[in-house]
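Let's take a look at one residue and its neighbours, and then at some ring pairs. Have the sequence and the 3D view ready.

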Amino acid sequence: MIFDFTDKTILVTGGSRGIGAAIVNLFEQHGGKVISIGSKDYDLGSNIGLTALMAYVGALDKIDVLINNAGIIHTETIDNISFEQYDSLMNINLKAPFFLTKAVSKLMQKNNYGRIVNIASIAANRVRSGRAAYSASKSALITMSKVVSIELAPYNVLVNTVSPGFTFTEMFEKNVPEDLKQKLLAKIPLGKFASVDDIASTVLYLSSDNNTHLTGQDIVVDGGFLSAISG
């Protein structure tokens, strides 16, 4: 299978580290022109920052691929989460992908071509205490993507989500105690955490011309974790 993104323009949010950086690197390795958007470029948690990014997008001739990867998490229970924490999480995890998709899809409709991949999470399906707002944002992102996939299908624009499971990033390595890592590993049938490249390669396929008929789907990349706990 050949992946060739020569002459393709790819916009990736949250592309400075972790999964986002791996996605950027992989697209560049396959010839893509990548526009990587980080928090230092635009504040996706504010209307001003989001509006500015939408204006930037609107001035471009084309964007072939959009990867909405930027996201944050708060681990507060419903008793403790504040208005500010809720708003910041929803703004970045849901509102920004929604309105950036709106802006980019106008270019895609004009060019009758596009691939959109939104990075969700298995937290939309497997819940835990302290994740009410986060899980809600990712579940809503998946549902939004399904609806948009229908709306954009007549324009040859395919829209999907990728839901990573436990993924070995620098943040994961630093913040998860070793004993908890071992407990989590025991619940993953493949016996290993996903690498950032595992996620990036899935995104690459969904964004490529090899994908001609897959749209409106949530692709879970978790080493079998969800399947194991549901059995």
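Predicted model: local features only at pLDDT ≥ 70, side-chain atom pairs only at ≥ 80, totals over all residues.

Skip the neighbours within four places in sequence, and Thr9 is in contact with Lys33, Ile35, Lys62, Ile63, Asp64 and Val65. Thr9 itself belongs to strand 1, which covers residues 9-13. Is Thr9 buried or exposed? Its relative accessibility is 10%, and buried means under 20%, so Thr9 counts as buried.

Now for the aromatic rings. Searching the whole structure turns up six aromatic pairs. To describe a pair of aromatic rings, you give the distance of the centres and the angle of the planes. Here are two of the pairs:

| Pair | Distance of centres | Angle of planes | Kind |
|---|---|---|---|
| Tyr42 and Tyr56 | 6.4 Å | 35° | tilted |
| Phe166 and Phe225 | 5.1 Å | 80° | edge-to-face |

Why is the pair Phe166 and Phe225 edge-to-face? Its planes are at 80°, and planes over 60 degrees apart count as edge-to-face, so that's the label it gets.

Both pairs link distant parts of the chain. Tyr42 sits in the loop between strand 2 (33-37) and helix 2 (47-58), while Tyr56 is in helix 2, and they are 14 residues apart. Phe166 lies in the loop between strand 5 (157-164) and strand 6 (167-168), and its partner Phe225 is in helix 8 (residues 225-230), 59 residues apart.

As for accessibility, Tyr56 counts as partly exposed at 32%, whereas Phe225 is buried at 4%.

One more thing to find in the 3D view: Phe168, Phe172 and Phe193 together make one aromatic cluster.

Conventions. Residues numbered from 1 in each chain as written. Heavy atoms only, no water. Helix = DSSP H or I, 4+ residues; strand = E, 2+ residues; numbered from the N terminus. Buried < 20%, exposed > 50% of the residue type's maximum accessible area, 1.4 Å probe, protein only. Contact = heavy atoms within 4.5 Å. Phe/Tyr/Trp six-rings, centres within 6.5 Å; stacked < 30°, edge-to-face > 60°.
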